[in-house]
Amino acid sequence: MKIETIAIHSGNQMDNTTKAAIQPITLSTTFERGESGDYPGGYIYSRADNPNRKSLEKVVAALENGADACAFATGNAAGMSVFQALAPGSHIICPDDMYHGLRNQLKMLFNGVLTFDFIDFTNIELIFQTIKRETKLIWAETPSNPLLKLCDIAAIAHIAKEHQLIFAVDNTFASPCCQQPLSLGADIVMHSTTKYLNGHSDVTGGILITKENNEFWQNIKNVQSFGGAVPSPFDCYLITRGIKTLPYRMRGHVANAQALANYLENHPAVEAVYYPGLASHPQHELAKKQMLAYGGMLSFLLKDGEEKARQVINDLKIFTQATSLGGVESLIEHRYSVEGPDTKTPKNLLRVSVGLEHIDDLIADLEGVL
């Protein structure tokens, strides 16, 4: 099936009793056992599994061409489960431009348990040089947050395979409609389902998808089951519902982001624009090679510095100044003030999640304040 059909049908289990066309929400925390003590319905307890969670995991695994998926209550919980599944003392290679929530998680929660290096993933040779005897995982993020840097997924996958390392890719900025890391050689893909998969800024969640159901994946499933950081049935229902329109929403996000990037690149108040769909992006050729579409996220630098950046976001009418991304509404944020003093994000950078409003209105809003 094509991705539009998968998005609509792979996450829907028709109710056998009522024949409801859309799967109902199963709120029960526990499930009746059979006479012999078994579980004829296939479920024991909602922390371990739930019909709505199973449907969400099924559809996202299908979207990413994976063997299995594990859903979590947040994107951070999904990422953390990968780190928790590693043996103490393991070394991780991470990108220098990485979502600050996971970066800080490693520094604050895993310091002394795991070791990690944050390096420039645009330099493939540097990745190779950073591998140690204790290295177990390469964690990539492409496009990166917030500088929209790309890394060569296929090339890193080759290095990981050669050194028997696990290779995980945070695919949140791209979505399955714009990039397929498992098909390029990655072992695990992560999404914050809060973002494009849900698409409506009304539920938090995260998910991991695996290429193979192997021993390491079983470690992750144990973290999910015994750790218990799982989404509620209602959260799973909402995300699964949001996925039904994902392929069509992404087409609008991509079209608007490309048009907005083109506008900003030619504006005299703008110093630089970071968007993989621009020919000026330093890795545009790589984007054409490994991305199916360029995504709905962009960042730009203002020539007049941080003061102008803050003035712009305060004066906009349609763009909402807020954290997060991937919803139908356009969001804009001054990332430096969010990420803290150790960030590499420039003070004059604004990150934009380009929504589905009419592009003329978005451009007019920016034109009025730039």
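This is a predicted model: local features need pLDDT of at least 70, side-chain atom pairs count only at pLDDT 80 or more; totals for chains, interfaces and linings use all residues.
**Close-up views of pockets, cavities and a helix crossing**

Figure 1. The space inside the second largest cavity is about 40 Å³. Its lining consists of Asp96, Asp97, Met98, Arg103, Asn145, Pro146, Glu339, Thr343, Lys344 and Thr345. By class, 2 of these residues are nonpolar, 3 are polar and 5 are charged.

**Figure 2. The largest cavity.** The largest cavity holds about 60 Å³ of space. Pro95, Asp96, Asp97, Asp120, Phe121, Thr122, Glu141, Ser144, Lys149, Leu150 and Cys151 form its lining. This lining contains 4 nonpolar, 2 polar and 5 charged residues.

**Figure 3. The largest pocket.** The volume of the largest pocket is about 540 Å³. A total of 22 residues line the largest pocket, and those nearest its centre are Gln164, Leu165, Ile166, Asp187 and Asn214. Helix H6 (153–162) and helix H7 (215–227) each contribute at least two residues to this lining. The greatest contribution comes from H6, which provides 5 residues. Sorted by class, the lining of the largest pocket comprises 10 nonpolar, 7 polar and 5 charged residues.

**Figure 4. The second largest pocket.** The second largest pocket contains about 350 Å³ of space. Its lining is made up of 22 residues, and Tyr99, Asn145, Ser192, Lys195 and Leu325 are the closest to its centre. The second largest pocket lies between domain 1 (3–241) and domain 2 (246–368), because both domains give residues to its lining. The lining of the second largest pocket divides into 6 nonpolar, 11 polar and 5 charged residues.

**Figure 5. The crossing of helices H3 and H7.** Helix H3 covers residues 75–84, and its axis comes within 9 Å of the axis of H7. The two axes cross at roughly 125 degrees. H3 and H7 are therefore oblique to each other. Their crossing is right-handed. H7 (215–227) also supplies at least two residues of the lining of the largest pocket.

Technical notes. Residues are numbered from 1 along each chain as its sequence is written. Side-chain values use heavy atoms; hydrogens and water are left out. On a 1 Å grid over the protein atoms alone, a cavity is a set of points where a 1.4 Å probe fits but cannot get out, and a pocket is an open set with protein on both sides within 12 Å along at least five of seven lines; lining residues have an atom within 4 Å of a point. Grid points are joined across faces, edges and corners, and a volume is the space filled by probe spheres set on the points. Helices (H or I, at least four residues) and strands (E, at least two) are DSSP runs, numbered from the N terminus. Ala, Val, Leu, Ile, Met, Phe, Trp, Tyr, Cys and Pro count as nonpolar, Asp, Glu, Lys and Arg as charged, and the others, Gly among them, as polar. Domain bounds come from an automatic or database domain assignment. Axes are lines fitted to C-alpha atoms, for helices over the stretch in contact, and angles run from 0 to 180 degrees between N-to-C directions. Angles under 35 degrees count as roughly parallel, over 145 as roughly antiparallel, 65 to 115 as roughly perpendicular and the rest as oblique. A crossing is left-handed if the near helix is turned anticlockwise from the far one by less than a right angle, and right-handed if clockwise.
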